[in-house]
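Hello,

Here is the structure I promised to pass on. My notes follow below it.

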Amino acid sequence: MGKQLPKELFDIFDGHPFDGDHCFLCGTVLTASNRTVEHVFPRWLQDAFDLRDRTIHLLNGTLIPYRNLVIPCCKQCNGIHLSQLENRVKNILLDEEKSLNEISDQDMNAWLSKIYIGILWKELELSFDRRNPDAGRILPPTVMSNFRMVHFFMQSCRKSMTFHSPHTNFPNSLLRVECRFDGAYGRFDYLDNTDAHSVAIRMGKKGIVGLFDGGLHDMIFPDFAKHQFNEKPLHPAQFQEIFAKLTYKSMLSVRVPYFGFLHDERDDNYTVVLLAFDDENMSANAIVIGADDGPITMVPVVPDSALDGPAYSDWSQENYARVLSMYTGAPFDLLFRPPDMVATTLHDEEGNFVEV
Ligand SMILES: [Zn+2]
């Protein structure tokens with residue numbers, strides 16, 4: 001019992017040095033014979049959306065071309081586990097006839113996690129390299145602990161895992177949307193936020209938004225998409241707005257998901273169960289239930305307070321407008337009119353969805 005993750009899994013929380021000499025996925029020490037690099041944005045995606053020479057901003061302000069955004073990876077993770085995951089996702093993403101619903105939640109989550117974590121990994125590595133190696137590479141503990149859970153879930157591409165949540169299909173909120181084309185916005189967009197643990201990618205007509213929140217948003221707002229845009233294709237500006245809304249909402253969350261991990265040694269499968277959402281001040285984020293010599297028989301009881309009192313603190317239109325401005329590039333003064341009016345591209349004055 002304790003707060004540690006199962007020992008067979010790579011736990012980035014466990015004093016890991018982001019030194020470029022460990023596989024980002026399994027933690028193996030890299031040597032001349034097993035060292036490879038993994039492209040954070042896979043090459044097939046770079047080719048399909050002309051990203052190779054385009055640049056992306058990292059948190060510390062570094063501009064880096066997509067083609068150079070690589071992280072250390074061992075041969076086995078790269079050539080087997082990730083390559084199988086990439087193939088499953090690519091076959092659906094690049095096929096106009098296929099729908100995002102054909103990608104399983106588990107794959108979708110692992111794939112989004114890899115990109116989100118890959119960027120964070122690169123940022124940690126770059127700060128590790130700098131003149132002052134002890135400064136600047138520690139993310140705030142809340143970011144790190146969520147990063148740890150996202151990293152754990154991502155390992156479902158290399159270890160057999162089954163996920164269960166009593167409230168939703170998957171213990172993270174994953175939104176798949178159809179998008180429309182507008183030349184002014186290009187065919188590709190990547191957005192993320194490490195405070196909100198949110199990420200979004202628009203690729204041609206397909207868009208994905210992920211919140212690594214244990215599925216809290218999906219549980220409390222099951223009809224969010226229907227209510228927001230009635231399942232109509234989104235204009236790229238509307239996609240950004242949806243991301244800003246979900247990101248700001250997620251920042252307001254005062255709940256932390258608690259997971260139980262059950263490892264069955266007979267088939268080496270991990271069952272990951274969302275146990276409860278509880279107050280963020282409880283500070284634990286993982287509970288290992290395990291006996292080394294057999295199947296698991298104990299489940300701890302954690303009070304579920306998500307449905308008992310507000311799970312989010314109060315929404316401020318002004319603060320939301322700041323987040324919206326960050327992701328749309330529109331000036332705050334244009335978006336916000338005191339005391340509480342925020343411009344939207346989603347609805348007209350009667351509340352009907354707008355087809356931009
Ligand atoms: Zn590896």
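**Charges over rings**

The charged end of Lys249 sits over the ring of Tyr312, 4.6 Å from the ring centre. To count, NZ of Lys or CZ of Arg must be within 6 Å of the ring centre and within 35 degrees of the ring normal. Arg322 lies over the face of Phe332, with 4.2 Å to the ring centre.

A word on the source. This is a predicted model: local features need pLDDT of at least 70, side-chain atom pairs count only at pLDDT 80 or more, and totals for chains, interfaces and linings use all residues. Residues are numbered from 1 along each chain as its sequence is written, and side-chain values use heavy atoms, with hydrogens and water left out.

**Overall**

The protein has nine helices and 14 strands. These are DSSP runs numbered from the N terminus (helices H or I, at least four residues; strands E, at least two). Of its 356 residues, 53% count as buried. Buried means under 20% relative accessible area, exposed over 50%, and partly exposed in between (1.4 Å probe, protein chains only).

The protein exposes about 16,800 Å², and carbon and sulfur atoms supply 50% of that. Areas come from the Shrake-Rupley method with a 1.4 Å probe; for residues, only the protein chains shown count as cover.

Take the contacts between residues at least 6 apart in sequence: 72% join residues at least 24 apart. Contact means heavy atoms within 4.5 Å.

**Zinc site**

Which residues hold the zinc ion? The protein donors are Cys23, Cys26, Cys74 and Cys77, each through SG, at 2.3 to 2.4 Å. Donors are N, O and S atoms within 2.8 Å of the metal (3.2 Å for Na, K and Ca); water is not among the atoms, so sites may look incomplete.

The site is tetrahedral, with angles of 102 to 115 degrees among the four donor atoms. The donor spacing in sequence is C-x2-C-x47-C-x2-C. Cys23 lies in the segment before strand S1 (35–39) and Cys74 in strand S4 (residues 70–74), so the pair ties together parts 51 residues apart in sequence. Cys23 and Cys74 are both buried.

**Aromatic pairs**

Rings of Phe, Tyr and Trp (its six-membered ring) pair if their centres lie within 6.5 Å; planes under 30 degrees apart count as stacked, over 60 as edge-to-face and the rest as tilted. By this rule there are 20 aromatic pairs.

The ring centres of Tyr116 and Phe212 are 5.1 Å apart and their planes are at 50 degrees, so this pair is tilted. It links distant parts of the chain, 96 residues apart: Tyr116 is in helix H3 (residues 105–129), Phe212 in the loop between strand S9 (206–211) and helix H5 (216–220). Tyr116 is buried at 1% relative accessible area. Phe212 is buried at 4%.

Tyr248 and Tyr320 form another tilted pair, 6.2 Å centre to centre with 40 degrees between the planes. Tyr248 lies in helix H7 (residues 236–251) and Tyr320 in helix H8 (residues 317–328), so the pair ties together parts 72 residues apart in sequence. Tyr248 is buried at 5%, and Tyr320 at 3%.

One aromatic cluster is formed by Phe152, Phe153, Phe163, Phe170, Phe259 and Phe261.

**Ser250**

Ser250 is also placed in helix H7. Buried or exposed? Ser250 counts as buried, at 13% relative accessibility. Leaving aside residues up to four places away in sequence, Ser250 touches Ala196 and Leu211.

Best wishes

Methods. Four donors count as tetrahedral if all angles lie between 85 and 135 degrees; four count as square planar and six as octahedral if opposite donors are over 155 degrees apart and all others between 65 and 115; anything else is irregular.
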